[in-house]
Amino acid sequence: MNEKTTNDYILLWNQATIKVLDVRHVVLKIGEELRSYRLPSSIFLFSTRGSARVVLDHTEYILKGMQLMHSGKGAIIDIESADEEFEYYLIFYKAFIPSVGNKRWVDLLILNNPFQKQYSFSPSYPISLYQKVQTMQEEWKKMSSLNTFHIKSLFYQFVYSILLELHRYGIEVKEPDLTTQVKFYIQENYSKLITLESLAVTFSYSAPHLSALFKQNTSYSPIDYLIRTRIERASKSLVETDASLRDVAASVGYEDVYYFSRLFKKKKGISPTQYRMREMNRMKTGDSPVIVHGYSIVGSKSQRYIDIDNHYQYGDEGDLPMNKRTRTSMATLLVCLTLLLSACTGGITNTSGSSQVTANSVESQKNSENSNVGHQVKTRTVSTLKGDIEVPAEPQRVASDQYMGQLLKLGIIPVGVREGMLTEAWIDKAGISKDILSNIESLGGFPMNAEKLIDLEPDLIIGSIEDNIEQYEKIGTTVFLPYWEGLSTASPIEKFKRISEIFGKEQEADKWIEEYEQKVEHARKQIEGIINEGETVSVVQLSEKAMYVLAAEGGNYGSTTIYQMLQLPPTKKALEMKEGFENVSLEVLPEYLGDHVFVYVNSKKDAEEILSSSVWKGVPAVKKGQVYIYGEFGDEFVMEDPYSLELQLETIVKVLSENKK
């Protein structure tokens, strides 16, 4: 190891927070082995007697007598004793650099992490090391605060001696094959919940570094590799068993059988059921005379461990799991050391500019996506409530938990949206093509499903709830655009403008706004004379157990169309509301009502009790027949996108016009 590397190591050891997690003394008897044990932390292994074959991440070492070995978290180790007992000590430790520290330390850790390196050598002064390790192990048994401090001081002396030898003798230090480690981990745990963040914790690397390195070496992301592994395992189960599709999906980590089917079809080109039928037919006709029982993508099983900081489960003497190699029995001296550690790691745009969404947009989206391969992505800066954000100038894969209507009106077909957006009432009424919707992935509720989101690889994510933004930012470039601000909402036109600014489509937005304002002006003329000069209007939302009077500004459920667009005059109380609404009781409701009352109900059944009450029947507007029930929850008044606004305008005009007749 050269001088610069040594200096970097020393700097990082000096700045790191170190915690010794366990010190174990192990005697591996003749014929016993430690098999496929995944290291739950960084370790030093110091052999003191006998010999053994040690395989560390597929690299073989022969340890004889007093030798020292080091490896980082996540590596897989196998130890096989030879013709004699093999005695050794294991020191488990955790080290991390505070993320709030000097950026140089963090950068060094990414480039040259000494806590993850792998090496083995025979120390020049083994007795000195042996005495320190032996004392640490004896102190570990006592586990008082003072003993713990003594262990830590001895550990630093131990590490100092090792660093000195690494530098003095230029001992080769091996960079662990992180890609291979991640592959094997996924192969062993594919049926469990795995995220990029959990992988980063398991291997003590930052999520961006791990993802970038894996993609560089394999051409696909860790999550894509996970999906490929799961689909291959599922394919095998579909052919070799009669298990139901739901059971097959669950066996590879998918509780949502519908989502599993879509993923399967995306990877295999046909549905799971069609795949099963095709492969079974091939077997019958001799196309597949042999069922392959193994895949190159799948490796051997490893020992399991629980990863919670400084908490252990011992059996008997607390030895590591070992297996007796015999054909007649498994006389296993299996006393499992389970180290428990905590984490210390820290749509597609239609570039033609048209605001119309058609089936051709899907094809142009694919062509645009292909044409950008290999080209440097241009960016632009947009201002948000969380500061300026650099986003792609022409994002090709947009995911959003709100604003689908705004995006489609701008000619932007998202690759994925929150599940509820795909069933909104305006979609059918606005005539949105099913071909368009079939290209938009359902991403679940709030927050959007992280695994599905990662699989889509969005280049821009739009989030409307602040609590979810941090999670989205870990997946891709994210813009925070709140739908509700406190208890009120920005005007629909303002929302639409904000969306257009993110994509540089202000001209398209202005064009629609101009056309919409012309429709509004025509609508005002249609309802002239219904609301007389000096009369006021109220907007009320009724449910079974609550009543809300909507404010003149910042409300929802059509109040913006009624007050701002059609300019119907609000009551004084509606003007004074600081938030978008007020929750009122039936007894005081008349005080909030104007000469004309617009009523929006959660359901007509829920509103029956209120509408049939004596208090309601005594309201002057009710007596004069100036009450307009204009909508029911789930219709076009729920959202405030351009499509919904156009439909709301038509509905309000129709309701008022019918009353006039």
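Visitor: How many residues apart in helix 19 are Arg 524 and Glu 521, which are separated by about one helical turn?

Guide: Helix 19 covers residues 506-526, where helices (H or I, at least four residues) and strands (E, at least two) are DSSP runs numbered from the N terminus. Because Arg 524 and Glu 521 both belong to helix 19, a separation of about one helical turn corresponds to a spacing of 3 residues.

Visitor: What kind of model is this, and what pLDDT do side-chain atom pairs need in order to count?

Guide: Residues are numbered from 1 along each chain as its sequence is written, and side-chain values use heavy atoms, with hydrogens and water left out. This is a predicted model, in which totals for chains, interfaces and linings use all residues, local features need pLDDT of at least 70, and side-chain atom pairs count only at pLDDT 80 or more.

Visitor: How far apart are the closest N and O atoms of Arg 524 and Glu 521?

Guide: Side chains of opposite charge can pair when their charged atoms come close. The criterion for a salt bridge is a side-chain nitrogen of Lys or Arg within 4 Å of a carboxyl oxygen of Asp or Glu. Arg 524 is partly exposed at 23% relative accessible area, as is Glu 521 at 37%, on a scale where buried means under 20%, exposed over 50% and partly exposed in between (1.4 Å probe, protein chains only). The two form a salt bridge in which the closest N and O atoms are separated by 2.9 Å.

Visitor: Which helix gives the most residues to the negative patch?

Guide: The negative surface patch is formed by Glu 501, Glu 506, Asp 510, Glu 514, Glu 515 and Glu 517. Glu 514 is found in helix 19. With 5 residues, the element that gives the most to the patch is helix 19.

Visitor: Is Glu 139, which has a relative accessible area of 9%, buried or exposed?

Guide: Glu 139 forms a salt bridge with Lys 142, with a distance of 3.4 Å between the closest N and O atoms, and the two are separated by about one helical turn because they stand 3 residues apart in helix 3 (residues 126-142). Lys 142, at 56% relative accessible area, is exposed. Glu 139, by contrast, has a relative accessible area of 9% and is therefore buried.

Visitor: Which residue of strand 7 is the bridge partner of Leu 56?

Guide: Strand 4 (residues 51-56) is largely enclosed by the rest of the structure, because 5 of its 6 residues are buried. Strand 4 pairs in the antiparallel sense with strand 5 (residues 59-64) over 6 bridges, where pairing requires that DSSP finds at least two bridges between the strands. Leu 56 stands opposite Thr 59 in strand 5, and strand 4 is also joined by 5 bridges to strand 7 (residues 76-81), the two running antiparallel. In strand 7, the partner of Leu 56 is Ile 77.

Visitor: What is the relative accessible area of Tyr 557?

Guide: Tyr 557 has a positive phi of about 55° although it is not a glycine, and lies in the loop between strand 25 (547-550) and helix 20 (559-565). Ser 219, with a phi near 75°, is placed in the loop between helix 7 (207-218) and helix 8 (222-240), and counts as exposed at 58% relative accessibility. Tyr 557 is buried, its relative accessible area being 17%.

Visitor: What is the omega of the cis peptide bond between Phe 446 and Pro 447?

Guide: Pro 447 lies in the loop between strand 19 (441-442) and helix 16 (450-456). Phe 446 and Pro 447 are joined by a cis peptide bond, with omega about -15°.

How values were computed. Patches are made of residues with over 30% relative accessible area and no salt bridge: like charges are joined within 9 Å, nonpolar side chains (Val, Leu, Ile, Met, Phe, Trp, Tyr) within 5 Å. Accessible areas come from the Shrake-Rupley method with a 1.4 Å probe; for residues, only the protein chains shown count as cover. Lys and Arg count as positive and Asp and Glu as negative; His and the chain ends are not counted. The place of a charge is taken as NZ of Lys, CZ of Arg, CG of Asp or CD of Glu.
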